[in-house]
Amino acid sequence: MSPTLFNVFINDLFDKGRHLGVPVPGIDEVIPGLLFADDTTALTATKEDMQLMLNTLGEWAANWGMSFGIAKCGVMVVGAGEEATEELRATPPTLNGQPLPVVDGYTYLGIPLNRKLDLDQVARERATKTAKLVGALRGTLQAADIPMVAKQTILKGVVLPTASYGGELLGMNESRVAPLQRQLDVSLRLVAGVRVSACSATVLATELGVPSVMAAMTGARGRGLKKFPTMHTWSGDLTSAESRLVHRQRTWCSGAWQWIQRFGSDEMREALSSEEVSEKTCAQLARRICSAREQNRARRNTISAREYFRRELDRTRDFVKRMPTGEPTESRNLAAGVRELVRLRTGARWNGYRAAQAGLISRRYLTHCPCCEKPTADTPAHFLLECEAWAEERKAFEADLPKQALRFLRRLADNSARLDWLLGGGVDGDNSAQALWLGRVDAETHLGVHAPERQKNNSLPPWAAVARFLQSTRRLYYSRLWRTSTLTVNRRPDGQGDS
């Protein structure tokens with residue numbers, strides 16, 4: 001009963017000093033302080049009033065047999081220069097006869113505040129915390145043998161909440177959120193095992209189902225814009241009074257509405273003004289707007305994003321949650337293959353053509369495959385469908401596929417369409433083709449394959465068969481690809497090319 005009793009007793013903490021609080025335009029009362037569990041913040045307009053407020057708090061504690069942790073307390077001047085702070089340090093206020101520390105900054109509920117209430121500092125410190133977390137998780141995130149779905153859970157349940165904490169304050173400001181997004185991008189690249197320039201971070205986030213920090217924070221701010229006016233707290237009073245004020249400066253509410261007017265949809269504006277729509281829906285709409293803007297920007301700026309969304313791979317991104325649990329038992333251990341498939345789908349996987357373009361291996365491999373040495377560029381289509389170096393692995397891959405999936409693959413017109421489908425892309429707008437790739441029983445029934453037949457054949461879903469093929473070839477493939485980078489590239493005597 002201790003927490004309940006504490007809440008009952010502390011509720012009247014500011015009653016005797018209520019008149020000493022800070023006046024706020026638009027609110028009839030002054031605000032004497034804030035309460036959250038056992039964390040108390042007293043607010044006054046002058047240092048004289050602060051001492052009077054502390055006297056009333058000391059009397060309250062003596063009356064109810066409680067005490068304050070002086071070492072954890074701090075007094076901070078807000079909105080004034082260094083002189084005011086130094087003057088306060090000369091004669092610090094006291095609580096129960098003990099002088100309180102005068103500080104330049106204070107962390108309140110995990111949010112670092114300074115004299116200027118600088119939100120850029122809040123974002124920087126939050127980015128530092130996120131960087132430390134990502135560093136601590138680095139080994140787990142980049143381990144090839146840990147299932148992708150487990151890493152997704154870490155990203156969405158640990159890294160993103162840490163990066164987006166305080167989103168109600170920081171959201172709807174891209175420049176402020178940028179340092180935090182960079183740390184989330186680092187964790188995404190560790191999970192996929194790719195370099196910074198390998199592919200678009202937006203594509204990786206979409207593939208792994210992780211919202212951006214901007215989307216998460218903007219959703220939190222949109223939720224607050226809907227929820228705060230209904231709360232019986234100072235937040236409710238402040239946001240309710242905002243509509244009655246004419247400001248010369250930008251405030252939390254006016255800044256949020258400015259973003260909504262610029263980027264928001266009519267649906268979101270109606271949701272914020274409707275009493276029937278929940279704050280959760282408002283948050284979802286705000287996140288959706290951010291995600292759409294980020295994806296459109298990525299399409300304009302990166303080839304990997306254009307290819308990813310052209311193939312409609314975002315429709316099959318949840319394949320990692322469909323890990324088969326039946327026989328054969330080898331299909332349960334596809335962590336490395338799934339990561340290779342993610343790289344291939346996002347355009348982040350190295351191949352001979354790409355490495356030669358980047359100057360990492362001989363330019364000969366712009367037109368030749370480093371694995372089979374045939375005069376054909378090493379592209380994803382060549383690797384998956386043609387390269388003779390992997391003939392045995394390809395036979396095992398075809399044996400893993402359901403019969404209907406193999407027939408469907410062979411019916412496709414060309415290697416370009418076959419590659420799109422093997423990566424989980426759409427084929428001429430045929431949604432059932434993507435469902436077949438995911439291994440959905442209802443899709444197989446629609447296409448003429450019944451579940452009993454699939455179980456009898458003991459086959460894998462097509463995505464798992466592709467992942468298994470990638471896993472069985474990855475070590476030898478990369479050893480053949482990168483061994484060429486150690487070769488010395490010399491000019492032939494006749495000057496016609498590399499030798």
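Select Arg 349 and Tyr 477. Arg 349 lies over the face of Tyr 477, 4.7 Å from the ring centre. (A charge sits over a ring if NZ of Lys or CZ of Arg is within 6 Å of the ring centre and within 35 degrees of the ring normal.) This is a predicted model: local features need pLDDT of at least 70, side-chain atom pairs count only at pLDDT 80 or more, and totals for chains, interfaces and linings use all residues. Residues are numbered from 1 along each chain as its sequence is written, and side-chain values use heavy atoms, without hydrogens and water.

(Rings of Phe, Tyr and Trp, the last by its six-membered ring, pair if their centres lie within 6.5 Å; planes under 30 degrees apart count as stacked, over 60 as edge-to-face and the rest as tilted.)

Next, pick Trp 350 and Arg 354. Arg 354 lies over the face of Trp 350, at 4.9 Å from the ring centre.

The whole structure has 14 aromatic pairs. Trp 350 sits in the loop between helix H15 (335-346) and helix H16 (352-357), while Trp 482 is in helix H24 (residues 462-483), 132 residues apart. (Helices, H or I of at least four residues, and strands, E of at least two, are DSSP runs numbered from the N terminus.)

Is Trp 350 buried or exposed? Trp 350 is buried, at 18% relative accessible area. Trp 482 is partly exposed, at 27%. (Buried means under 20%, exposed over 50%, partly exposed in between, with a 1.4 Å probe and protein chains only.)

Move to Arg 483 and Glu 373. They form a salt bridge, with the closest N and O atoms 3.9 Å apart. (That is a side-chain nitrogen of Lys or Arg within 4 Å of a carboxyl oxygen of Asp or Glu.) Arg 483 lies in helix H24 and Glu 373 in the loop between H16 and helix H17 (380-385), so the pair ties together parts 110 residues apart in sequence.

Then select Glu 398 and Arg 410. Their salt bridge has its closest N and O atoms 3.4 Å apart. Glu 398 is partly exposed at 29% relative accessibility, whereas Arg 410 is exposed at 53%.

Last stop: Arg 115 and Glu 82. Their side chains meet in a salt bridge of 3.2 Å, N to O.
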